[in-house]
Amino acid sequence: MANLVNLEAVSKSYGIRPLLSDVSLGVDEGDRIGVVGLNGGGKTTLLEVLAGLEAPDTGRVSQNRDLRTAVLTQRIELPEQITVRHAVLDPLGVTAEYEWAADPRVRGILDGLGVTALGLDRPVDGLSGGERRRVALAAALVPELDLVLLDEPTNHLDVEGVRWLAEHLLARRCAVVVVTHDRWFLDTVCTRTWEVTDGRVDGYDGGYADWVYARAERLRLAGAAEDRRRNLARKELAWLRRGPPARTSKPRYRIDAAEALIADVPPPRDNVELLAFAKRRLGRTVLELEDVTVTIGGQRLLDGETWRIGPGERIGLIGINGSGKTTLLRLLAGEREPDTGRRVQGQTVFLAHLHQELEDLPESLRVLEAVEEVASRITLGRRELSASQLAERLGFPPSRQWTAVADLSGGERRRLQLTRLLMAEPNVLLLDEPTNDLDIDTLQQLEDLLDGWPGSLVVVSHDRYFVDRVCDTVVALLGDGRITHLPGGIEEYLARRDNAPTAQPGSSYLVEAPKEAAQLRTARKELARLERQLERLSGREAQLQQQITQQAADPEAFRELDGELRVVLAAKNELETRWLEVADAAG
């Protein structure tokens, strides 16, 4: 297997801050490598050094002769005063309609990324930031390549677009190095993971889930040096082990190896307790849309629709780009009036809405001052956090909390916006693409915070992992004027889209739920039943262990209890085996 790019003892700093320190690594033919790490930790710098866009301060970068490579970084800009057609097809030396239309691979890229729908003759000057990003991604993918380097390629793609990109990269023979916070994408595409941390690049086999297992084990062996990160990693393991079936489709040895790490970790959240708490805070009425009609650009988003959001509901809202998800959130927030019908808000509702756009922040303040301007302390479930503690958990370490707001990057401003929003202690959250610009560690912290947040939640996100992790229900806008509940979640949505007659925004493409979705629902019901049985057996096991300890001096009682314990353990083992089989069948 040929080596494509090699770094030998490479170091790179900006100012006095070292991002890469004496890094040696290589990319071989067919490698699919995911790059993870904290924001600002050097991921983009590593990608640009690999691509030859940035020269190292010391060390050597060598590339295979005649290497065909393409790179998409967040700093790349499209040329002005050209059309979408020229921006995408100029790398091929092809501009005539019949030439590219005859190539199914190129046409598939344009269609899969939604570039064809933008209009190939549109000037790039008039495109939004997200549209320009998709055009740049298409331009990077159309040539025949040996290596493609991508920095956050899933940003501005909907769930369907993310799946298309994953399938496209899996089908190509070129090597891939991708910086992304999309954990589903990492697990689906990547066979190796690089973690950029403290100037090092640590390598792991496998995708996201394998990296979590390996990192948790590393932190366990490190002792008590990083309590917070170690406990968060163990909680993530508990989610991978006990969560939806897609999170448990790892080899059995991986699951067995995790048992010692997660034996005393509770489930990510107690839905029963949170629901009871939410009902006390919110009462019976939260947000309701009654016989609502909304029209956007001549297309009906909602057509006489009624939708009620109850206390403690955690809802993921999905749909293709342009389907009206942001408009629906604005309608729920009371920022837009329906054409007909009415919106009802409960008297005890305190609502907070995280917009995709960066809102005005107090430029004259420092980060901590901007958070304390909202409140000095916050209670999330049973936990009380200071403004400084919440800021730290959302990516602002103490050293960064005294940075002027005016000096923050776009990603940091997004995190500050989210921190201030949570600091207000709302009981209804509307989140529009909250995962944008968050690294994986910050995403885990946000998920951990939301685990104990007792309120109603509606999330618009293209991040499949985040929706699975945070939400209990998924609904979709399918272009028929309805808000459709999807018991099979995102998999059911994608199955419906695969069978849809058209994928254009605003058109009706509702079809009967496929057989696979019904099978998925059946499997999930069985999984829930098995989990309830396992929970009861685990409780009985704990009781028996305690009783055995208490009856250690009574041989007859000890033998009786020990015999019952063996029966319980055998039944539990059988149920666990069945649980794994059902999880695998459910995908």
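**Asp151**

I looked up the side chain of Asp151 and found a polar contact with the side chain of Thr44 at 2.6 Å. A polar contact is a pair of N or O atoms within 3.5 Å; within protein, one must be able to donate a hydrogen and the other to accept it, and residues adjacent in sequence count only if both atoms are side-chain atoms. The model is predicted: local features need pLDDT of at least 70, side-chain atom pairs count only at pLDDT 80 or more, and totals for chains, interfaces and linings use all residues. Residues are numbered from 1 along each chain as its sequence is written, and side-chain values use heavy atoms, with hydrogens and water left out.

Asp151 sits in strand β6, residues 147-151. I take helices (H or I, at least four residues) and strands (E, at least two) as DSSP runs, numbered from the N terminus.

A salt bridge is a side-chain nitrogen of Lys or Arg within 4 Å of a carboxyl oxygen of Asp or Glu.

I then listed what Asp151 touches, leaving out residues up to four places away in sequence: Thr44, Leu47, Leu72, Thr73, Gln74, Arg133 and Val179. Contact here means heavy atoms within 4.5 Å.

**Salt bridges**

I noted 27 salt bridges in the structure.

Asp146 and Arg68 meet through their side chains at 3.1 Å, N to O. This pair links distant parts of the chain, 78 residues apart. Asp146 is in the loop between α6 (129-141) and β6, and Arg68 is in the loop between β4 (58-63) and β5 (69-72). Asp146 is partly exposed at 22% relative accessibility. Arg68 is partly exposed too, at 42%.

Glu373 pairs with Arg420, and the closest N and O atoms are 3.0 Å apart. Glu373 lies in the loop between α14 (367-372) and β15 (377-380) and Arg420 in helix α16, so the pair ties together parts 47 residues apart in sequence. Arg420 counts as buried, at 18% relative accessibility.

Asp451 forms a salt bridge with Arg469, with closest N and O atoms 3.0 Å apart. Asp451 is in helix α17 and Arg469 in helix α18 (residues 464-470), so parts 18 residues apart in sequence are tied together. Both residues are buried. I traced shared partners and got one network of Arg183, Glu447, Asp451 and Arg469.

**Cavity and pocket**

I worked on a 1 Å grid over the protein atoms alone: a cavity is a set of points where a 1.4 Å probe fits but cannot get out, and a pocket is an open set with protein on both sides within 12 Å along at least five of seven lines. Lining residues have an atom within 4 Å of a point. Grid points are joined across faces, edges and corners, and a volume is the space filled by probe spheres set on the points.

How many cavities of 30 Å³ or more are there? I counted 1. The largest cavity holds about 40 Å³. Its lining includes Val36, Lys43, Glu152, His181 and Asp439.

The second largest pocket has a volume of about 1600 Å³. I found 47 lining residues, with Leu38, Asn39, Gly40, Gly41 and Asp439 nearest its centre. Among the elements that give two or more residues to this lining are β2 (17-28), α1 (43-51), α10 (227-242) and α17 (440-451). Helix α16 gives the largest share, 4 residues.

I checked α19 (residues 489-498): 8 of its 10 residues are buried, so the helix is largely enclosed by the rest of the structure. Among the buried ones are Glu492, Tyr493, Arg496 and Arg497.

Ala9 has a phi of about 50° and sits in strand β1, residues 3-14. Ala9 is partly exposed at 31%. Glu433 has a phi near 50° and lies in the loop between β17 (428-432) and α17. Glu433 is buried, at 10% relative accessibility.

**Whole chain**

I logged 21 helices and 20 strands. Of the 587 residues, 53% are buried. Among contacts between residues at least 6 apart in sequence, 69% join residues at least 24 apart.

Definitions and conventions:
Buried means under 20% relative accessible area, exposed over 50%, partly exposed in between (1.4 Å probe, protein chains only).
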